[in-house]
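Thanks for coming, everyone. Please look at the sequence and the structure on the screen while I talk.

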Amino acid sequence: MKCIICGNSDHQKLFEGIVKCSGCGLVFFDQDLSEDEIKKLYKEGYFKGEEYCDYEEDKNILQKNFTSRLKDILRYKKQGNLFEIGSAYGYFLEKAKKYFDVEGIDITEKPTAFARNKLGLNVHTGNYLDFEISEKKDLFCMWDTIEHLREPQKFIEKISRDIKTGGYLFLTTGDIGSLVPKMQGRKWRLIHPPTHLYYFSRDTIKKLLEQKGFEVLEIKHPGFHRSLSQIIYALLYLKRRKNSEKAKKILKLIDFPLYLNTFDIMHVIARKK
Ligand SMILES: [Zn+2]
């Protein structure tokens with residue numbers, strides 16, 4: 001596969017299936033999955049056990065993380081219209097609507113139906129690349145989404161067209177250039193093909209955004225909230241690609257929230273030039 005940032009087809013192998021571009025250093029999964037294959041990865045099981053322990057039950061923890069993201073946003077802008085790509089159940093938009101006119105899109109059916117019907121949010125089911133936006137937006141958000149995309153460069157390109165000049169893009173993703181992945185290699189918890197296809201670093205995300213007309217204002221490494229049950233579940237089951245309802249029930253009994261910072265997640269804040 002050609003590199004989506006520099007076009008180079010010369011790569012070095014990092015791990016099984018994962019390569020690093022010799023031109024710009026971008027790390028990615030070197031297999032071109034079809035859109036259909038990708039869509040199949042995000043059936044209901046994805047949010048229940050396969051990648052997230054239980055997205056619906058962990059709402060409180062997730063919203064704590066989203067509240068921190070929202071605080072970062074409010075430092076730059078306090079009102080306007082905000083569009084989220086990869087909005088899942090709508091938990092972020094539910095928080096953000098106190099300040100912004102919110103709208104979202106996600107390819108999954110059940111979570112978007114939940115966001116519309118239960119939370120009353122303006123959320124679409126589908127691929128953002130095929131979506132026609134009604135008017136240019138002040139803000140775009142993509143939380144832990146860009147690493148899942150088959151063609152992230154096209155998303156950034158379209159956001160660049162759909163955002164106002166001076167508008168802000170906020171996104172989070174893993175930072176493969178940080179210390180933990182350097183130490184853990186293939187065992188880093190975010191090395192997760194084929195749901196994670198792209199592994200950006202500060203350097204490569206900056207290159208991609210600058211190519212598409214953005215100026216990167218800030219890249220920070222925020223901490224995050226996790227429930228103890230999520231952590232244990234990830235250690236025991238996810239790495240072995242297993243799902244266990246029984247284990248989840250037991251873990252719920254000993255659950256409590258924790259705040260961690262492993263400095264391997266980056267929050268990138270960029271402005272459209
Ligand atoms: Zn490259």
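Which strands does helix α5 lie across? Helix α5, residues 109-117, lies across β5 (101-106) and β6. Its direction is about 155° to that of β6. Keep in mind that this is a predicted model.

Now the sheet those two strands belong to. It is an open sheet of 7 strands, in the order β6-β5-β4-β7-β8-β13-β10. The pairing is mixed. Which strands stand at the edges? They are β6 (123-125) and β10 (214-220). Each has a single partner strand, so one side of each has no neighbour in the sheet. From one strand to the next, the twist averages 15°.

Go to β4, residues 81-85. Strand β4 and β7 run parallel, joined by 3 bridges. Phe83 has Phe140 in β7 as its bridge partner. A helix packs on this sheet too: α3, residues 59-74. Helix α3 touches β7, β8 (163-174), β10 and β13 (265-272). The direction of α3 makes about 145° with that of β7.

Is Glu151 buried or exposed? Its relative accessibility is 19%. The cut-off for buried is under 20%, so Glu151 counts as buried. What does Glu151 touch, beyond its neighbours within four places in sequence? It is in contact with Glu35 and Leu129.

Next, the other sheet. This one is open, with 4 strands in the order β1-β2-β3-β9. The pairing here is antiparallel. The edge strands are β1 (11-15) and β9 (198-199), and each pairs on one side only. Between β1 and β2 (residues 18-21) there are 4 bridges. In that pair, Lys13 stands opposite Val19 of β2.

Last stop: the zinc ion. Which residues supply its protein donors? They are Cys3, Cys6, Cys21 and Cys24, through their SG atoms, 2.3 Å from the zinc ion. The spacing in sequence is C-x2-C-x14-C-x2-C. Cys6 and Cys21 link distant parts of the chain, 15 residues apart. Cys6 is in the segment before β1, while Cys21 is in strand β2.

Why is the arrangement called tetrahedral? The 4 donor atoms subtend angles of 97 to 119° around the zinc ion, and the rule for four donors is that all angles lie between 85 and 135 degrees. For comparison, the ideal tetrahedral angle is 109.5 degrees.

One contrast to finish. Cys21 is buried, with a relative accessible area of 3%. Cys6 is partly exposed, at 39%.

How values were computed: Residues are numbered from 1 along each chain as its sequence is written. This is a predicted model: local features need pLDDT of at least 70, side-chain atom pairs count only at pLDDT 80 or more; totals for chains, interfaces and linings use all residues. Side-chain values use heavy atoms; hydrogens and water are left out. Two strands pair if DSSP finds at least two bridges between them. Buried means under 20% relative accessible area, exposed over 50%, partly exposed in between (1.4 Å probe, protein chains only). Contact means heavy atoms within 4.5 Å. Donors are N, O and S atoms within 2.8 Å of the metal (3.2 Å for Na, K and Ca); water is not among the atoms, so sites may look incomplete. Four donors count as tetrahedral if all angles lie between 85 and 135 degrees; four count as square planar and six as octahedral if opposite donors are over 155 degrees apart and all others between 65 and 115; anything else is irregular. Axes are lines fitted to C-alpha atoms, for helices over the stretch in contact, and angles run from 0 to 180 degrees between N-to-C directions.
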